Amino acid sequence: MNRRVFLQRSLASGAVALAASSGLLVPGTVLASWNKAAFDAKDMASALKGAVGSDSVEESADIKIKAPDIAENGAVVPVTVSTTIKDVKTISIFSEKNGTPLVAQFDFDSSSQPFISTRIKMGKTSNVVAVVNAGGKNYQAKKEVKVTIGGCGG
Amino acid sequence: MSKKSSIKIRAKLKNGVTTVKALVRHPMETGLRKDKKTGKVIPAKFIQNLSCEVNGKKVINGQIGVAVSKNPYFSFKFEGANSGDELKLAWTDNTGKSDTTTSKIK
Amino acid sequence: MSISRREFIKLMGLAGAAGMLPGSAFAAKRKPIDMYEIPKFGNVCLMHMTDCHAQLNPIYFREPSMNLGVGGAYGKAPHLVGEKLLKHFAIPSNSLASHAFSYLDFDQAASQYGKVGGFAHLTSLVKRLRSERGAGQSLLLDGGDTWQGSGTSYWTRGMDMVGACNLLGVDVMTGHWEYTYKDHEVIHNVQKFKGDFVAQNVGINEDAMFDYRFADFDGYDEDSGRAFKPYVIKKMNDVRVAVIGQAFPYTPIANPQRFIPDWTFGIQDENMQAVVDDLKANEKPDLIVVISHNGMDVDLKMASRVSGIDVIFGGHTHDGMPAPTTVKNAGGKTLVTNAGSNGKFLGVMDLDVRGGKLVDYRYNLVPVFSNLLPADKEMQSYIDKVRAPYLDQLNEKLATAEETLYRRGNFNGTFDQLICDALTEVNDAQISLSPGFRWGTTVLNGQDITMDNVMDQTCITYPETYRREMSGADIKLILEDVSDNLFNPDPYYQQGGDMVRVGGLDYVCEPNKTFGKRISSMTLNDGTKIQDDKKYVVSGWATVSSKAPGRPIWDVVADYLRAKDTVKITKLNTPKLIGVKGNPGLA
């Protein structure tokens, strides 16, 4: 959406105007886009289409997902994605069984390494999916994270 | 008015690679939870955009959704910076709120 | 009931004991005069104890009659019981060894052979081995679960055991239940422990990264984020041995995170490989071993994925395995042992290390029979001193056992049933739940049940009980969740421990099914079907996520016992099993 439409809509809600006048907004970041369609998508196929333009992804052994086998806390699951694939444009993280699978998308340029670490919410056992967009193609890897009630160990 | 920053950050340079670790204080409300006492839905309040610049040049941008955990943590790496360079990290959320912090690369 | 040493040895002769070292070459050939003559071999002796659960005095411990293996673990060590276990390890039946390693004829054999373990007796054995092997030639490793499991360990916050281990001369340890004390207590105890506490897989989490309360602790490394030293290098005359620690990977899930909010665990086998690679590149030790609390199935999988480890000394699952399992991997092979629990065994691995390589070895998992070893005076006096202030409380006789009361096994043991019955009766509940821990000592038929025995079965730092309503669906979810911890075919998704014990409830379990599909036909004791949406009053203990509101479990069990003269289990709420016929993990 363009800047004029954006400002019109947010001025209508008053939020941006208030924020802008209180000096809280940093110039340059006000207009950062947020892919609503992708984040609101309720299944993997739509979330993929929204986030990386297509649900056709190639499995790749060159993407590494580091996440616990069993989550210590389903609300805070550390996930680290890295890849040796060259010319990475974006890395997108999904949690397959979440109500809205797309968790986050990061874009990289030539000086940044294709590496991102964050923590995500997982309501139940599910695959964490990392999709790397590079050279016009989409590559993915999956890792199952078990979310358990806990409590009965040894 | 001086406000306590919502961002804690470490930026360390080793062998030409700067590793940034940042922890942001933010509720990351999904908009799906109900207040236990009032029964009312707690409105969504979550970081949507994250950006990091070094010496004015963009290093990483992130679009963030509600499934990122409360008090989000981010770590990323880049090359080409020097010790003492200034790094700026900023976030904005869906309500228009934002914060930014600067830190020197060690 | 104890017998004299002379009677004991005579008994063993009559029983045709071929020696207590089933795996050793001479066992079948000659009758050793001295039960604890363990022939020297090689130039390095690594002694291994694990999971003693704070048992300072000798105890009884019945091995399981059910230890089911599923998927790739079917019929393989450690998932063997009784006759099948004996056959697999070539242990003669009706022998001292068969009594030590299996549950067969337990009641009779235990009365005959007497108690096992006890730190004073273990000390005599260790001192003897040390002196026979020569100065600087042996190390004593402890796999953890040492500081928890008895009344005195609870009241002294684990420090009684730290003192005992210092006196015993434990060189290196790792942990699991150690982490159920508060984090500052863990740090304190580690600092008081004279040996090295190692754990390559315990780090600080992201929140703690910016403001870590124990930043001054010498085990902390800011760059790697590790909260404890990952390994230690011990010099044993000409041989340098690296001992890497592997703490129980699922500690914050199986036990309360709130006591240790800053620490994160996990198997971290990639980090393990990195540690091994780094050691080989830089320190270049002659031998690399892991002191592990993964549990045997996890150790077997980790050994297949990580190259360069010579031996994994394993614990957690309390499997007394007479011989190691050899696992092949990309780097060659790794030996995996598991040394039982409760002070019952001492693993003795004598290694021949030459030219920076492991050339050969001899392994014995030696049962510690208290009647066969002298009680080291200094250690016994330490133990008596530690227990003295609590003796009246511990010795209170609560009731008499009219059958053997034990825990160990995939489903309810008789002592578990006692605990479950105590919960339903004292707390007026329809159903009770009790955790499938693997620790807990055994009380023989005819013996008094004392507070000491009850504490041994219930002593944790979160002992509070609860009584609340749960729906049938909730109860099923719990049973399904825990059964996956036990029967998931991928060991990395198992959490260790046995199935949650139940009271007032019967059900059917199919271990070979997938998650969510193993539990069915839940009924109350009287046969009434459990309905998904109906509410039931349930009582339990050991809640992990938050503190329960009720009294400590040992008070509930003690009250129940005080009201009875004798205890005999009338109904054992073990499930009906489907799909396990012929499984060597079934008696």
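Which residue of β4(B) does A:A104 stand opposite? It is B:I64, and that pairing is a handy way into this predicted model, where local features need pLDDT of at least 70, side-chain atom pairs count only at pLDDT 80 or more, and totals for chains, interfaces and linings use all residues. Residues are numbered from 1 along each chain as its sequence is written, while chains are lettered from A and ligands numbered from 1 in the order in which they are written.

Strand β5 (residues 102-108) of chain A and β4(B) pair in the antiparallel sense over 5 bridges; strands here are DSSP runs of E with at least two residues, helices are runs of H or I with at least four, and both are numbered from the N terminus. Two strands count as paired if DSSP finds at least two bridges between them. Across the whole contact, chain B puts in 31 residues and chain A 34, with contact meaning that C-beta atoms, placed from the backbone, lie within 7 Å. On the chain B side, β3 (47-54), β4 (57-64), β5 (73-79), β6 (86-93) and β7 (98-104) each supply at least two residues. That side divides into 12 nonpolar, 15 polar and 4 charged residues (Ala, Val, Leu, Ile, Met, Phe, Trp, Tyr, Cys and Pro count as nonpolar, Asp, Glu, Lys and Arg as charged, and the others, Gly among them, as polar). As for chain C, 4 of its residues are in contact with 5 residues of chain B. The chain B side of that contact has 2 nonpolar, 1 polar and 2 charged residues.

Within chain B, strands β1 (residues 7-14) and β2 (residues 17-24) run antiparallel and share 8 bridges. They make a hairpin with 2 residues between them, and B:N15 in the turn has a positive phi of about 50°. B:R10 stands opposite B:K21 in β2(B). On to the next partner: β2(B) is also joined to β5(B) by 7 bridges, again antiparallel, and here B:K21 stands opposite B:S75.

Chain C brings in some helices. The axes of α5 (residues 119-133) and α13 (residues 377-387) of chain C come within 8 Å and cross at roughly 160°. The axes are lines fitted to C-alpha atoms, for helices over the stretch in contact, and angles run from 0 to 180 degrees between N-to-C directions. The two helices are therefore roughly antiparallel, the word for angles over 145 degrees. C:F119, C:A120 and C:T123 of α5(C) meet C:M379, C:Q380 and C:I383 of α13(C). Those contact residues split into 4 nonpolar, 2 polar and no charged.

Helix α16 (residues 451-458) of chain C is largely enclosed by the rest of the structure, because 8 of its 8 residues are buried, that is, 20 or more other C-beta atoms lie within 10 Å of each one's own C-beta. Its buried residues pack against several elements of chain C, including α6 (151-155), α15 (414-426) and α18 (553-562).

C:Q257 is buried, with 20 other C-beta atoms within 10 Å. Leaving aside residues up to four places away in sequence, C:Q257 touches A:E72, A:N73 and C:P252. C:Q257 and C:S545 are 288 residues apart in sequence, yet 7.5 Å apart in space, C-alpha to C-alpha.

Methods
Parallel < 35°, antiparallel > 145°, perpendicular 65-115°, else oblique. Contact = placed C-beta atoms within 7 Å. Buried ≥ 20, exposed ≤ 12 C-beta atoms within 10 Å, placed from the backbone.
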